[in-house]
Amino acid sequence: MTTHNFHPTSLREYDIRGIVGQTLGEDDARAIGRGFATRVRRAGGTRVAVGYDGRVSSPALEAALIEGLTTSGVDVVRIGLGPTPMLYYAESVLEVDGGIQITGSHNPGNYNGFKMVLQHRPFYGADIQDLGAMAARGDWESGAGQVSEAAVLDDYVGRLMAGYAGGAFRIGWDAGNGAAGPAIEKLVKLLPGEHHLLFTDVDGNFPNHHPDPTEEKNLAQLRALVAEKKLDFGLAFDGDGDRIGAIDGEGRVIWGDQILSILAEPVLRELPGATIIADVKASQALYDRVAELGGEPLMWKTGHSLIKTKMKETGAPLAGEMSGHIFFAHDYYGFDDALYAAVRLIRAVHMIGRSLTAIKSAMPVMVNTPEMRFQVDETRKFAVIDEVLARLEAEGATIDRTDGARVNTPDGWWLLRASNTQDVLVARAEAKSQEGLDRLLAQIDAQLAASGLERGPQAGH
């Protein structure tokens, strides 16, 4: 009987991820295929779509994954190289019962992983742990699945443009050598206006900059392009095309929650009173803006699978995370798609009738920290949050417990939460003045100190 044990760090909350050759390899891919195929068959399904991103290790992992899927009796439809949302699209429109994207997302080039969807729902949390348990027992179905191919890139790009009613702008696009490059090249040919592209050739070594548009340093080349060509704005994408970044005509970053506030305006014109979801890291300015536009703001837990599930539950047409994941169920399928978010952002700017630079300038000026991440022992991370909550409660603080502790004070708010995917605590604070922000940071530091911790050097994603 064949069994398999995964590296304990690779089975995450929302996906399976690791360093290729160290904590993740072809044997893992094969076992994922066998376990996922078994789950598909036991749910009455027979076919799975498989896509992969531009990493050097992706083709070998794809071959092993497909071997696992077919050995457990599921047919595979290969959609080839493309962004993660292209796989989500294929899973929505092809006659398949699930989908797997091989992707390292926005991690460094030596990482890779697997994002999964089963019967149009995110496959996460307990599902992923279940794959590990099944592999350890060798609890897998057997069979002989067939492999076919489907060219979906052109259909996907066409779908991004369906019903497009935006204006003609001059835009810079930075694909960061990630998997979205070829789709962006096709997309801009269909869009009106003038488009300038950076780094659309797929290169898993990421020679120009790290593909994470939420870090300001990764937007330097896009800023230079927008300034040099005097463009209206610039758009940037992460390694697998499910997170968006943007800058205005002056090179100022439009953060994830600010992008969401712009996208919400046309949606709420069409659907007055609709629920708009954002994660606990989003600015109070976003929640205030949604309410001002007549919407129902809802704060929810960070994590793309958790947000998608909450959207289905509440019927929300739009949701977003500070990290640049934007989810449209309005005229779309409800998954996070940075290319679709880009098209909708262009359309929103056109419908609002002012330049993106003017829209950004009109936003309330908040003084805030970026997302601060610091290592903490895995065994302590959730315990620390419990200790902090207990102390705050004893002090009579105003706390939102949606995901960790979000504390409101007269100065603004601060957040401390445990990452679901790493041995990391995440903190963020926002105030109306620098003095206020300093007071909020002092409160975070005091709570950490009371639990024997300090804000150490920044941890990566």
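Student: What is the strand order in the open sheet of five strands?

Tutor: The order is β9-β8-β10-β11-β12, with mixed pairing. Strands here are DSSP runs of E with at least two residues, helices are runs of H or I with at least four, and both are numbered from the N terminus. Two strands pair if DSSP finds at least two bridges between them. This is a predicted model, in which local features need pLDDT of at least 70 and side-chain atom pairs count only at pLDDT 80 or more, while totals for chains, interfaces and linings use all residues. Residues are numbered from 1 along each chain as its sequence is written, and side-chain values use heavy atoms, with hydrogens and water left out.

Student: Which strands stand at the edges?

Tutor: β9 (193-198) and β12 (253-254) do; each has a single partner strand, so one side of each has no neighbour in the sheet.

Student: How do β10 and β11 pair?

Tutor: They are antiparallel, over five bridges, with β10 covering residues 233-237 and β11 residues 244-248. Phenylalanine 233 is opposite aspartate 248 in β11.

Student: Which strands does helix α11 lie across?

Tutor: Helix α11 (residues 338-352) lies across β8, β10 and β11, at about 165° to β10. Axes are lines fitted to C-alpha atoms, for helices over the stretch in contact (heavy atoms within 4.5 Å). Angles run from 0 to 180 degrees between N-to-C directions.

Student: New topic. How many aromatic pairs are there?

Tutor: The structure has eleven. Rings of Phe, Tyr and Trp (its six-membered ring) pair if their centres lie within 6.5 Å; planes under 30 degrees apart count as stacked, over 60 as edge-to-face and the rest as tilted. One of the pairs is tyrosine 89 with tyrosine 333, edge-to-face, at 6.0 Å centre to centre and 70° between the planes.

Student: Where do those two tyrosines lie?

Tutor: Tyrosine 89 is in helix α3 (residues 84-93) and tyrosine 333 in the loop between β16 (326-328) and α11, so the pair ties together parts 244 residues apart in sequence. Another pair, tyrosine 332 and tyrosine 340, is stacked, with 3.8 Å between centres and 5° between planes.

Student: Are tyrosine 332 and tyrosine 340 buried or exposed?

Tutor: Both are buried, meaning under 20% relative accessible area, with exposed over 50% and partly exposed in between (1.4 Å probe, protein chains only).

Student: And which residue has a positive phi of about 65°?

Tutor: Histidine 120, although it is not a glycine. Histidine 120 is in the loop between β5 (111-118) and β6 (121-122), and is partly exposed at 44% relative accessible area.
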